Amino acid sequence: MKNKILNDREEIEKFFIKLLGREIFISEMDVFASKCSCVGIMLTVRGLFIDDVEIFKEKILNKLEDLAKSYNIGDDWIFIRVLPGSDDVINIGVRELCDICREEYKFKKPRPDLISLKI
Amino acid sequence: MFSIPHPGNFESLKIIVDEINKLRRINKKLRKESFEVYMGFPEFIGTGRATLYKPNFEDLAKQVAYTKKNNIRFEVVINASCIGGIHLTPKGISYINWIFSQLKNIGIDSVALSDPYLVDLAKNNGLDVNVSCIALVDSLDKAMFWDEKEVYAITLDSSINRHFDIIQEIKENVTCKLKILVNEACLYKCPMRIQHFNFFSHVNAQNIPALDDYYYNKCINLRIKKKELIIKSPFIRPEDLKHYKNLVDIFKISGRSHPIGWIKRVINAYLSERWDGNLMELLDCPRELEHFYYLDNRALDGAIEQWKSCNKLCSKCNFCKELAENALKVKG
């Protein structure tokens, strides 16, 4: 599993670099389980902007869905988190939601810094 | 009146207004109730909480017009606890005056501030001022200081939420409205309160690359170590609002940095004055523990009678500790 996460971090970084034709840095990829019973994957990203995600939304969604599937994690919610007051994307997440979080996040913008790509 | 947290973007505002209008339709009592929304506005002045969106003046003007159409007040929060002295420089004064004049032109109903100098500038610009809870008004003397500035309202320091005698004394001696935070569950008399607000004030406004929020992490650790701290934190349950109705004018729901789904849930509970289930799900801070602790709201029925007469000499009383043992369980 350790090697899989290491390889996947590298692979998704290469995916973004190839997709956008410029340097994108995925500094960290986390596979997590929350106390509430949500599970998911969180990517810490630098160099990506909201426009990039909107233009390549379908390709990015496909890639994230495949990534989630490879960990047997549901892709109930796929989202990005932006740096407040900017167009910089700083996190990309895929999350299998518990009932409470589903209620909280079922919006296009559940919080001003979160943008749902798929819910 | 209820003061409702607004994360700042128009999409969220529409969801909040829809929710208020829905509740007005189904609950007769709420038809006579008045409402305001409040949102952070982090210019270089900053605010006391994480602010996740910074609207421009055009966006803000549209939002204000929308709330007015729905008969809802609009308050902007600029309540940094530290501005680093910039506000007292000639450039700082001009800039803040410019911001206040823009807010006045847009039609903002009031601005929440914690600095007396900013209050004077805002008043000079014709704005109504709500004194922020960050001004830590916990005594009559402090309340009188602000009341003499003819402010619209004072938000009391939540540390006195269960000091009914102090609230009563303030109520009897000021002319402005009193506002009380109902679900901000910070530590009672938190020793880190000022430092935490100072930290937020600067990281909000100046994009400081802070490594971690020491104060928040410490707060969570303390509550795991001593769970009675959760009971002692001065939240007010939805069912207990009635005990405050003759004392305060505005019930402020805390939580403008949370997801809109959470805000909807909390609005529903407080406007209906009823919540069955885990009270942790309504408390703004620290939300991280709502999945760890189950605080049975029904088990707290009647506790307010004890708190109303409590002298806060905790070493001589185990009421909150015993209540924590009975009402607060670690979730499986």
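Two strands count as paired if DSSP finds at least two bridges between them. Helices (H or I, at least four residues) and strands (E, at least two) are DSSP runs, numbered from the N terminus. This is a predicted model, in which local features need pLDDT of at least 70 and side-chain atom pairs count only at pLDDT 80 or more, while totals for chains, interfaces and linings use all residues; side-chain values use heavy atoms, with hydrogens and water left out. Residues are numbered from 1 along each chain as its sequence is written, and chains are lettered from A and ligands numbered from 1 in the order in which they are written.

**Stop 1: the sheet of chain A**

Begin at Ile80(A), whose bridge partner in β5(A) is Ile115(A). Next, select β3 (residues 77-82) of chain A together with β5(A): these two strands pair in the antiparallel sense over four bridges. Now extend the selection to the whole open sheet, five strands of chain A in the order β1-β2-β4-β3-β5 with antiparallel pairing. The edge strands are β1 (25-33) and β5 (114-118) of chain A; each has a single partner strand, so one side of each is left without a neighbour in the sheet. From one strand to the next the twist averages 20°, with axes taken as lines fitted to C-alpha atoms (for helices over the stretch in contact) and angles running from 0 to 180 degrees between N-to-C directions.

**Stop 2: helices against that sheet**

Contact here means heavy atoms within 4.5 Å. A salt bridge (a side-chain nitrogen of Lys or Arg within 4 Å of a carboxyl oxygen of Asp or Glu) can be shown between Lys118(A) and Glu65(A), with the closest N and O atoms 3.0 Å apart. This pair links distant parts of the chain, 53 residues apart: Lys118(A) belongs to strand β5 of chain A and Glu65(A) to helix α3 of chain A. A search of the whole structure, over all chains, finds 35 salt bridges.

**Stop 3: a backbone detail in chain A**

Select Ser37(A), in the loop between β1 and β2 of chain A. Its phi is near 100°, a positive value in a residue other than glycine. Most residues other than glycine have a negative phi, and most peptide bonds are trans.

**Stop 4: the interface of chains A and B**

Show both chains: 13 residues of chain A are in contact with 23 residues of chain B. The area buried between chain A and chain B is about 1600 Å², with carbon and sulfur atoms giving 64%; buried area is the accessible area (1.4 Å probe) that two parts lose on being put together, summed over both. Lys35(A), Glu104(A) and Pro112(A) supply 38% of the area that chain A buries against chain B, more than any other three residues.

Across this interface of chain A and chain B the rule finds two salt bridges. Zoom in on Glu104(A) and Arg287(B), whose side chains meet in a salt bridge (2.6 Å, N to O).

**Stop 5: the barrel of chain B**

Move to chain B, where eight strands close into a barrel in the order β1-β2-β3-β4-β5-β6-β7-β8, with parallel pairing. The twist averages 25° from one strand to the next. Select strand β2 (residues 35-40) and strand β3 (residues 72-77) of chain B, which run parallel and are joined by six bridges. Within β3(B), Val76(B) is the bridge partner of Met39(B). Helix α11 (residues 260-272) of chain B packs on the sheet, touching β1 (2-5) and β2 of chain B, and its direction makes about 165° with that of β1(B).

**Stop 6: two loops of chain B**

Pro286(B) is in the loop between α11 and β9 (293-295) of chain B. The peptide bond from Cys285(B) to Pro286(B) is cis, with omega near 0°. Finish at Glu150(B), placed in the loop between α6 (140-147) and β6 (153-155) of chain B. Phi of Glu150(B) is near 55°, a positive value in a residue other than glycine.
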